[in-house]
Amino acid sequence: MIKSSEITQFLNQHKLDADAWEQILPIVYQQLKHLARKVKSNHHSGQTLNTTALVHDVYLKIKNNGQLNVAGSKHFYRLAAQAMRQILIDAARAKLTAKRQGQVVEWDDEFTITLMEKPGTTAVELVAIDEALNELKTVDEKLAHIVELHFFAGYGFAQIADILDVSESTVYRDWKKARAWLYVQLK
Amino acid sequence: MNQQLWQQAQNLFEQSLMLDEFLRSNYITSSTIGKPELRQLLETMMLAEKDESFMQTQPVVEVSENIADEQVQVFGHYSIIRKVAVGGMGRIYKAKSNTSDIDVFVALKLIRKELLSDQIALRFENEKAVLGKLSHHHIAALIDAGVVDEKPYIATEWIDGQAINEYVKDNELSINQLLNLFLQACEAVSYAHSQLVIHRDLKPANILVDSNKQVKLLDFGIAKLIENADGQVTQTQVFTPDYAAPEQINGLACTTATDIYALGVLLFELLVGEKRFGLNQLSVAEKIQAIAQPKTVFASQAMHLNQRSGAQKVKGALDTIINKAMHPDPVRRYSTVYELINDIKQFQQHRPINALGDSWVYRSQMFFKRNPWSSLMGLLLLVSLGVGQLYSDLQKQQAIQAQQLAQNEAEKSHQMLKFFMTILETASPLSGGSTQISVQQMFEDGAERFNLDAINDQAVKAEIAGQIAEIYGELSDHNLKIKYNEKALAYYQSDLQLHASKYLYHQLNIAHAYRDQDQYLLALELLTKAYEQVKNFKVSQSLLAEVMINFGQFYTQLGQTTEALNYLEQAEQLAQTINDVESLGKVKYYQYLILQYKLPAEESEQYLLQAQTYFEQAYSSTHPDLLNVRNSLGIKYKDQGQYRKASDLYTLLHTEYSQLYGVKNYDHLTNHANVRFALGDFEMAALLTKESLQVIEENKIEAGFSAMAATVVLARSLTELGRYAEAEKLWLKALSYFKSRFDDSHAVMLSLRTYWLDFLIKSGRIEDNLDDLNGLLELAQKQMNESYGTQRKYVNTLITLATYHWVHKNYQLGLNHLYTAQAIMQEISLKQGWVYWFIEAGIIKLNKNLELQTYASESTEPLAQLFMLLPAEHWYHNLFDTD
């Protein structure tokens, strides 16, 4: 088990193997959730949380523990996107469960993360997108990554290009392809 | 869907995306003939393009509290009246104290338990003690704090008021009224800082205006109360992005500078009625970006855009004040709220502001130079400028226990005070010391008696050593400046990564000490080494820019201009990324110093004008850097023959310089004299040089070259005025000074020898100096071909030679020289001054003397112009009349 103080060292490795990835992901996931709660406690109630801002905060927090190198930053943003997807899907599933059972599932005693349902991002749609995305991953892993980074974590195309070391136009094209693929699966 | 089908589909999809919608369907139809499955897939994919709702918005979550808002009626010894707000910290109630017969209303804050860490009880008690001591007319007093049923609470004075920004909006205030309100807030913050309390969360919601139009600040130091026990600041706890300083966004520690930044933001918002950087329109992520990469704000422009009145009044000084308070680098902000208050007051009284941290350095340096014996006064000045605040801090022993930061600060002020007390004792007549002790001596003795090594805390010791080093720097004691900087370095080099900026900063100071002793090579080597050591660590960008500028300066002095320009370019790039206008101004100025003789005048002038613009943004009108640029610009105008413009500039410069130093600058006076000389105003030129020499003498300044430069201009002026006896003494003095320092072919000597011959001709003492003159002519021609700016010297020599021939009635030879001079004057487009009109009039006159018909001009204008400029009894009257 990695301690959170060691996280920068792990992230800074040139290549992150699947094992390390799996160890770090839960930490980032926990930190994002933890932070969501803290952000909340500093704002008035009813305020929605922009996932990008959350990710940035966790980034700063990790960076404060030690220097993140270029590779480390990129690894982090990819991990955070994955974690963010997880948080959103958890919230979506919770909402669906609640609708079925008539209650909201809390993730700790005092706070609840609730999905704000809007056209295009309802709980039903999110869960469906998530499942289709798992399938896309087996067909074209790169496309699936881009969906995670852009749709779930809200990164801009330029930032994604930077994280994945490809051109911005490639990211833009791949996003269009991925969206079309998901559309075919879901409609 | 199989892999192969998807591969085909995505290739076609990609192609068709690049086509117009109309061509698209044709393309899809034609490329999928006989493949219905592929066609259908592609058509569905195209539908995704048209569906604008599908996955186009990012999913958003909401975090909500689960706590039911149970109705509290009584809490401890308070009766709840009503709930006021539910905030991030907890809930706030208006409540009434039950312990008093009279109604005492309080704002009762119940703090969320989960915000408090384990050691909360202890910290809570400490903080309570510190906050309880805050007693100020503009601060809502802490009445009580404690824990009831494991629920921590804080009770503060109840203020019936309105948030300051709303108050300003509702009551159409004049700028002056608005500033008076703002000053009340500043005074409260200044007071709190003197008690070692930082607010950390200053924003309009925490600054109320009560019914008596008095400002009251709420929640002092409360943010601190809920901070992590280890003192580490976490992002989100103090995250009010709209008012946060860059260092808060970057997760660094809050200092008094953080409050000063927030005050700058507040002033901007009050004036403009809108948030800085247009934050209103931005998402949280964009806000973070905007604040972390700050740019210069111009409240006046924003006011103009918002159609608020008074923009014109705010433009300039208030813009400068706001930017100084909101400087991205905490070190470059006002170092105390007191300075901010002072500048606002200066502004209100239409006096020059000091929105520059280092002006007092120059002021005090000049003070010491002017008053070498009034040591005690000098010290008091220093104390009042920088250390006064520390004295009151020291009395707050309770605060020392409060927390680590305060402990450090208190220790620092304590040690600093001790240092100054030691010095004062040295200076005191009671200690048996002589009253005739110089400031320098006093510091040396004091510093020697003060036992720096007795300080246990190494960080504090390094800090104090750094401070002492700065004082020595101000006293121009280079050796001690180096010694104390090295003491500070001893600590910082123990962990280069952690202290990279501090390390580099002190090495830079040492390099400056060498620079100030003209040891540029040593300075360069030292700084290069230091830079190499820390370049892989995180160093403040503006410090890096400064280091690059220094490299540029050192290389310039060492004659390696290519290297110098290289570094200056790097500095420029760095400074541009952080919009550091001060550094940008320096870059432009140093580039000018290198390029002034390599580029044509109008091109190099651009560098100066840019430097001036940057400095005007960065500083008030009296910063030394800005004055230097203005002086160079004056010289530039003079060289371009724009004498009136140059003269006006110098008149302004004298005023600005006197405001800063209390005395005029001798070099500026000499330059001004040169300009008046060119205008034929020899009387004024003589007066200005005499003033210059007087300044040098009265201030006991060792200004060898400057004094001699002034002497030469005086001697020239007296020559033109026909006061030959006075002039001769000065010429002999100047000749002996320069001859011992420069060889005969040096540019300085060329001018001087020409002037000397000119004197001999005009005073009627010329004998057979023709060889001498011809030698000078060759030399002048050679130098002119080598660099810009020396053409004028050549013209001087030509005129002297022409005059010589004219006097000896060799008109043709004289005319030839005047024609050459005329050509040069045309080339450098110089059409002003008596020299110009002398050439023009001389050519006409000599043509007449030679009875040459080829020269058609009968114009009398040049002669009229010449005698309009020259004094009535000038020597040239004879020359033009007697032939």
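Predicted model: local features only at pLDDT ≥ 70, side-chain atom pairs only at ≥ 80, totals over all residues.
1. F677(B) and W834(B) are both buried.

2. Over all chains, a search of the whole structure gives 30 aromatic pairs.

3. As for location, F677(B) belongs to helix α30 (residues 666–678) of chain B, while W834(B) belongs to helix α38 (residues 833–849) of chain B; the pair therefore ties together parts 157 residues apart in sequence.

4. F677(B) and W834(B) are also members of one aromatic cluster. F682(B), W806(B), F838(B), F867(B), W875(B), Y876(B) and F880(B) complete that cluster.

5. Elsewhere in chain B, helix α27 (residues 601–618) packs against helix α28 (residues 624–639) at an angle of about 155 degrees, and their axes are 9 Å apart. The angle makes α27(B) roughly antiparallel to α28(B), since angles over 145 degrees fall in that class. The crossing of the two helices is left-handed.

6. On the α27(B) side, the contact is made by A601(B), S604(B), E605(B), L608(B), L609(B), A611(B), Q612(B), F615(B) and E616(B). Their counterparts in α28(B) are D625(B), L626(B), V629(B), R630(B), S632(B), L633(B), K636(B) and Y637(B). By class, the residues of this contact comprise nine nonpolar, five charged and three polar.

Methods:
Residues numbered from 1 in each chain as written. Chains lettered and ligands numbered in written order. Heavy atoms only, no water. Axes fitted to C-alpha atoms, helices over the stretch in contact; angles between N-to-C directions. Helix = DSSP H or I, 4+ residues; strand = E, 2+ residues; numbered from the N terminus. Parallel < 35°, antiparallel > 145°, perpendicular 65-115°, else oblique. Left-handed = near helix turned anticlockwise from the far one by under 90°. Contact = heavy atoms within 4.5 Å. Nonpolar A, V, L, I, M, F, W, Y, C, P; charged D, E, K, R; others polar. Phe/Tyr/Trp six-rings, centres within 6.5 Å; stacked < 30°, edge-to-face > 60°. Buried < 20%, exposed > 50% of the residue type's maximum accessible area, 1.4 Å probe, protein only.
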